[in-house]
Amino acid sequence: MHDPRPKKRKTILDIKALKGKTPIVVLTAYTAPIACLLDGKTDILLVGDSLGMVLYGMESTLPVSLDIMIAHGKAVVKSSHESLCVVDMPFGSYQGSHETAFNSCVRVIKETRCQAVKIEGGVEMAETIAFLTARAIPVMGHVALMPQHVHAMGGYRYQGRTEQERKKILADALAVEKAGAFAIVLEGIEESLAREITKKLSIPTIGIGASPDCDGQVLVTEDMIGLTDSPPSFVKQFADVGEQIKKAAEAYAKEVRARKFPTLKHCFTKK
Ligand code: KIV
């Protein structure tokens, strides 16, 4: 039944208030139809720069441009009314200087109308995050495995293997929190370290390949519905939409070849 009450979009305060209470549900959304389907079922819709690899077949997230993120961000925000929308800042749009970061984020917020942005980086990005949050730009942090650092990390390896790495990641998370981020993604990180960080921080941690004890979880939607070829090992597939698309395409092809589709019902005829 249609619910006539206006739907209220979640805010960063709603998300922060969930820490230690209810696990926070996050999925990526890159397009209008997916945003419509997921809206309200997740607390946050993340327009991740993973769209470069998932939608555009890029070899990494590095080539993704600000214009691409804005186009997809606009579609997702316009097609959702309940979930908080966070847009990823792409590589090169925020690392150069505080001013570059501010100008890029302002473009994203003005043009997409999203409620927050996500920025990869720890101690080295803390001053930038502080600069942005002091100027009314809500920031979600992202530490440990940072896909925009793929070349610097020498590949996509899970993080927190050595004592030195663990200390650095903990320092990164603490710096991002101190800089004013409202939440932080912990990606590809040794499980006990994700747990320790979750205990130490007062802001919610959102895990991906992290720990069941994180305050929330995020997955790439296409990975969890079976639309990507070889998803990472930490993904659980909750549906096989890929198989259904293949079956639908086969059924359509069969009917077209047998002249069973279209019938006159699917044509415009004079009354
Ligand atoms: O780009 C992305 O989709 C992300 C999530 C996987 C956390 O950063």
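Tutor: Two strands pair if DSSP finds at least two bridges between them. Strands (E, at least two residues) and helices (H or I, at least four) are DSSP runs, numbered from the N terminus. This is a predicted model, where local features need pLDDT of at least 70, side-chain atom pairs count only at pLDDT 80 or more, and totals for chains, interfaces and linings use all residues. Residues are numbered from 1 along each chain as its sequence is written, and side-chain values use heavy atoms, leaving out hydrogens and water.

Student: Which residue of strand 6 is the bridge partner of Met140?

Tutor: Ala183 is that partner. Strand 5 (residues 139–144) and strand 6 (residues 183–187) run parallel and are joined by five bridges.

Student: What do the eight strands close into?

Tutor: They form a barrel with parallel pairing, in the order 1-2-3-4-5-6-7-8.

Student: How do I read the angle between helix 6 and helix 8?

Tutor: Axes are lines fitted to C-alpha atoms, for helices over the stretch in contact, and angles run from 0 to 180 degrees between N-to-C directions. Under 35 degrees counts as roughly parallel, over 145 as roughly antiparallel, 65 to 115 as roughly perpendicular and the rest as oblique. Here the axes of helix 6 (residues 123–133) and helix 8 (residues 163–178) come within 8 Å and cross at roughly 5°, so helix 6 is roughly parallel to helix 8.

Student: Is Thr42 buried or exposed?

Tutor: Buried means under 20% relative accessible area, exposed over 50%, and partly exposed in between (1.4 Å probe, protein chains only). Thr42 has 3% relative accessibility, so Thr42 counts as buried. Thr42 lies in the loop between helix 2 (32–38) and strand 2 (44–47).
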